[in-house]
Amino acid sequence: MPLRKAGTTTRIEASLAILPGDEMKTTYVAILALALPATLIAQQPSGTPPANPITTAFRGRTMGLQRILAQAFDSIPESKFGYKPTPAQLSIGFIAQHLASDNYLFCNQFGPMKAPVASKDESTADSIKATWPKDSLVAKLKASFTFCENAFAQLDDAKLADQISVTFGNGPARQLTRTVMVLGHALDMADHYSQIANYMRLNNMLPPTALPRPRPAGN
């Protein structure tokens, strides 16, 4: 399935240069280290690994990123959705619609299930979608999160090694390991969370990961 959106393609192709398909076996441990949070490692009972540890790690990391991104966009007032630090940067509203599109772009590669994207979303320019009301943008973003969560259900560790044909923009089809797209998705979400967290700081708002956390009793 062709991957659209030129800006996204540039970022994805940059990440693919780090993880070419023929080097996936040598980077297996590095991928797991990136995908598996320390808290998940700590919570895993000794001697009882999950049936699909790599997929489980990716899914845990991705669901965590979904949670904090949704929390971030929920907490930003609608009046700030047109904010961008400099004219050359993306507005908060633009990032919201762009993230939804990125999620479908990556998660469509997780298996045969494809996202049912509305024709209005396909035919409307990103710059126009960026000005849609907050409620609409956040609802569409959360719908893309739900699709990606369901798309993960198609995966297991064996399928991560599958070769898939991916077309970037108008370029030729490329054969990639599915792991590249699963990892690329997690990295893309982390990139945009860092971006939106900085925007929040510039507007005197605490991003979700900076909020005070309850301490265990006795501490």
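1. Let's start with Asp-126: with a relative accessibility of 21%, this residue counts as partly exposed, because the buried class stops under 20%. Keep in mind as you look around that this is a predicted model. Lys-129, at 9% relative accessibility, counts as buried. The side chains of Asp-126 and Lys-129 meet in a salt bridge, 3.6 Å from N to O. Both residues belong to helix α7 (residues 126-129) and sit three residues apart, about one turn of the helix.

2. How many salt bridges does the structure hold? There are five. Another one to find joins Arg-178 to Asp-162, with 3.0 Å between the closest N and O atoms. Arg-178 is in helix α10 (residues 178-202), while Asp-162 is in the loop between α9 (157-160) and β2 (163-168), so the pair ties together parts 16 residues apart in sequence. Arg-178 counts as buried at 10% relative accessibility, whereas Asp-162, at 33%, is partly exposed.

3. Asp-121 is buried, with a relative accessible area of 16%, and Lys-140 is partly exposed at 29%.

4. Finally, follow α8 (residues 134-152) to its packing with α4 (residues 53-75): the angle is about 170° and the axes are 11 Å apart. That angle makes α4 roughly antiparallel to α8. Among the residues that meet are Phe-58, Met-63 and Leu-69 in α4, and Val-138, Leu-141 and Phe-145 in α8. The contact's residues divide into ten nonpolar, three polar and five charged.

Key: Residues numbered from 1 in each chain as written. Predicted model: local features only at pLDDT ≥ 70, side-chain atom pairs only at ≥ 80, totals over all residues. Heavy atoms only, no water. Axes fitted to C-alpha atoms, helices over the stretch in contact; angles between N-to-C directions. Helix = DSSP H or I, 4+ residues; strand = E, 2+ residues; numbered from the N terminus. Parallel < 35°, antiparallel > 145°, perpendicular 65-115°, else oblique. Contact = heavy atoms within 4.5 Å. Nonpolar A, V, L, I, M, F, W, Y, C, P; charged D, E, K, R; others polar. Salt bridge = Lys/Arg side-chain N within 4 Å of Asp/Glu carboxyl O. Buried < 20%, exposed > 50% of the residue type's maximum accessible area, 1.4 Å probe, protein only.
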